[in-house]
Each structure stands twice: as structure tokens, then as C-alpha cells.
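These are my notes from an afternoon with one protein model. I wrote down what I looked up, entry by entry.

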Amino acid sequence: MRPIFLAVGAMVATISIGLGIFLLVNTPNAEMPPENPYPPVYVGSLVIQDYWIAESLGAQQTSATYLTIASSAATDDRLTDVRAAFAGGATLHRTITEDGVSRMERLTAVIIPAGSQVTLAPGGLHLMLTGVSAPLTTGGEAELTLVFLEAGEITFRLPVRSRMEMMDHSGR
Ligand SMILES: [Cu+2]
């Protein structure tokens, strides 16, 4: 066989193996990606991480976003607004449970203490999303903008997760 055919043959074999591995890694059922596709997001002196959007629920298609904001700033900052093109409403909320009854209240701002961190998590602070235009389902993603008084604003993509899945991962 002439060398050129051998070379082409080797190349085809290499591409086939490569494609095989690619398909193996990228099958829809592959659960855990090797690297975090949603790494920390930086804005000013703030780092936003562990961010996710819950699957939307009900006739009103409501959802919520949870995340952690860590500050290395010398002064307090404030999260004053959230914008989401995919939702009719996006507001800062807090869930309060009194005598076993939970209710939510709207906040004008969430304070990010200097050099500390704030966690928005189920049962507490969250970014409330109402009137979601297309159902949010696990595996999808959506874009949000957070507006801070000092750090400015940041737009980033967040993964959609099921609440059950996230509760399992939190170990509670
Ligand atoms: Cu709420």
C-alpha cells in the first residue's frame, strides 16, 4: 500500500476513535460533567457562585434563583435589582417561616456585608421569578442580570435544576 493511503487510514481511525470518545462523553444521559460549566462569576469585589434556577412550577410558571455572593470589598454593597428577560417579574424575596407557616416578602435590597458572604437558598433569601415565558426544566439554562449599588451589574447564564436534586446534594 502506498504511504499516502496508510496515512489517510491512520487519520480516519484516529478521527473515529476521537468521535467515539466525544459521543461517549456527550451522551444526553451523562450526569456529571468533568468540569463545572458554571464557574464563579466576578463583578467588582464580588464573586457569585453555586448559582442555579429552580424548575418553573404551576399555572403561573413561578421559579426562583439561588446563589452565593462573597465580598472582598472594604464597604458593604447592596443587591438592588434582578432582571430576567425570560420572566414577567423578577424581584428580591425572602421566605419567612413563623409557627410552621411560610410566607414570602419582597425586599428592596439584599445587603452584601464587606468581606463576608450572603447565601440565597431555599427557605430564605431568593430571587423570585414569575410569569416565566417558557417552562424551565432541568438541563436547561437561562440568563439573569444582577444589579449592585457599588459593584455594578453582571449578566450571566445559570443552569436550571430540580429542587429535589439540589436538596439531595446539600446533604440535608
Ligand atoms: Cu418568593
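I began with a rule: two strands pair if DSSP finds at least two bridges between them. Helices (H or I, at least four residues) and strands (E, at least two) are DSSP runs, numbered from the N terminus.

Entry 1, ground rules. I am working with a predicted model, in which local features need pLDDT of at least 70, side-chain atom pairs count only at pLDDT 80 or more, and totals for chains, interfaces and linings use all residues. Residues are numbered from 1 along each chain as its sequence is written.

Entry 2, the chain. I counted 2 helices and 11 strands in the protein chain. Read from the N terminus, the order is α-β-β-β-β-β-β-β-β-β-β-β-α.

I looked up the partners of strand 5 (residues 87-98). Gly89 stands opposite Thr130 in strand 9. Strand 6 (residues 101-107) also pairs with strand 5 in the antiparallel sense, over 7 bridges. Here I found Leu92 with Leu107 in strand 6 as its bridge partner. Strands 5 and 6 form a hairpin with 2 residues between them, and Asp99 in the turn has a positive phi of about 50 degrees.

I call a residue buried if 20 or more other C-beta atoms lie within 10 Å of its own, exposed if 12 or fewer, and partly exposed in between, with C-beta atoms placed from the backbone. Buried residues are 22% of the 172 residues in the protein chain. A nonpolar core is a set of buried Ala, Val, Leu, Ile, Met, Phe, Trp, Tyr and Cys residues joined through C-beta atoms within 7 Å. The largest one has 30 residues, of which Leu79, Val82, Ala84, Leu127 and Leu129 touch the most other members. Strands that each supply at least two residues of this core include strand 4 (77-83), strand 5 and strand 9.

Two residues are in contact if their C-beta atoms, placed from the backbone, lie within 7 Å. What does Val82 touch? Leaving out residues up to four places away in sequence, I listed Ala90, Leu92, Leu127, Leu144, Thr145 and Leu146.

Asp50 is not a glycine, yet has a positive phi of about 50 degrees. I found Asp50 in strand 2. Asp50 counts as partly exposed because it has 16 C-beta neighbours inside 10 Å. Gln61, also not a glycine, has a positive phi of about 50 degrees and sits in the loop between strand 2 and strand 3.
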